[in-house]
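Please walk me through this structure.

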Amino acid sequence: MAEKFISRGFVGRAREVASDRKDRVPPGQYETTEFPVLSAGPTPNVSLERWDFSIYGEIAEDLKWTWSDFQKLPSETVRADIHCVTKWSKLDTVWTGVSIDTLLQGVDLDSQSDVSYLVAFCDGGYTTNMPLVDVRGGKAWIVYEYDGRPLAPEHGGPVRLLVPHLYFWKSAKWVRGFKLVKDDRAGFWETAGYHNYGDPWKEQRYAGD
Ligand SMILES: Nc1nc2c(c(=O)[nH]1)N[C@H]1C(S)=C(S)[C@@H](COP(=O)(O)O)O[C@H]1N2
Ligand SMILES: [Mo]
């Protein structure tokens, strides 16, 4: 679960006991304090002058932000538990970035309600798909800081997607944009046999789970 710092849980969490932490680790997962790096290929290198983030696809008007545009967008600091399908979970990770709600403000989704999926695309060619509702309503961010520091390249810097309520393979590193589509289409791991949706609480690891 992700929550903003301003929300009520913060003080309470500081006094948390071990059993409460256990309840936050989904079935089949174990808690780690490490931050493993899992990448399907080499860490791409893109200059910030050439970097942009775009939202395009089956929508009336495309959106694009340069690095400096992106830095001017309102940011949020969020704390979230993350769950990798390789079975590690990491609690209370802290990220800063832009809510996807902010980015989608410029897309008239009400009059294009049949556009209900996205494919996140990245430098290096990685893709991952999810329903649009899963990145709306304060559930997902494009983050550029981890633990108060610029996001390290191996963890997805300059920016990555953060969708903490789904398995961490959905949190695309080096993300460069979203393609919004009417019909769902499988991304990199989803094509390779992983679950199309990936809810860690339902242990949706592989297709058919
Ligand atoms: N572009 C890109 N994003 C990616 C991946 C990848 O290989 N390429 N791996 C995914 C997987 S399987 C996981 S578990 C997390 C790992 O993020 P980390 O390396 O910061 O722990 O990134 C996800 N995002
Ligand atoms: Mo993963």
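The paragraphs below take the pockets, then the ligand, then the backbone.

This is a predicted model, where local features need pLDDT of at least 70, side-chain atom pairs count only at pLDDT 80 or more, and totals for chains, interfaces and linings use all residues. Residues are numbered from 1 along each chain as its sequence is written, chains are lettered from A and ligands numbered from 1 in the order written, and side-chain values use heavy atoms, with hydrogens and water left out.

Start with the largest pocket. A pocket is an open set of points on a 1 Å grid over the protein atoms alone, where a 1.4 Å probe fits, with protein on both sides within 12 Å along at least five of seven lines. Lining residues have an atom within 4 Å of a point. The largest pocket has a volume of about 490 Å³, counted as the space filled by probe spheres set on the points, which are joined across faces, edges and corners. Its lining has 28 residues. Leu38, Ser39, Ala40, Tyr126 and Trp189 lie nearest the centre. By class, the lining holds 18 nonpolar, 7 polar and 3 charged residues. Here Ala, Val, Leu, Ile, Met, Phe, Trp, Tyr, Cys and Pro count as nonpolar, Asp, Glu, Lys and Arg as charged, and the others, Gly among them, as polar.

Ligand 1 sits in this largest pocket, meaning that more than half of its atoms lie within 2 Å of the pocket's grid points. Around ligand 1 are 20 residues, each with a heavy atom within 4 Å of it. The closest are Pro36, Ala40, His155, Arg160 and Lys173. This shell divides into 14 nonpolar, 3 polar and 3 charged residues.

Polar contacts (pairs of N or O atoms within 3.5 Å) come next. An oxygen atom of ligand 1 is 2.6 Å from a side-chain N or O atom of lysine 173. For the side chain of arginine 160, the distance from a ligand oxygen to an N or O atom is 2.7 Å.

Gly157 and Pro158 are among its lining residues. A cis peptide bond joins these two, with omega about 20°.

Technical notes:
Polar contact = N/O pair within 3.5 Å; in protein donor to acceptor, adjacent residues only side chain to side chain.
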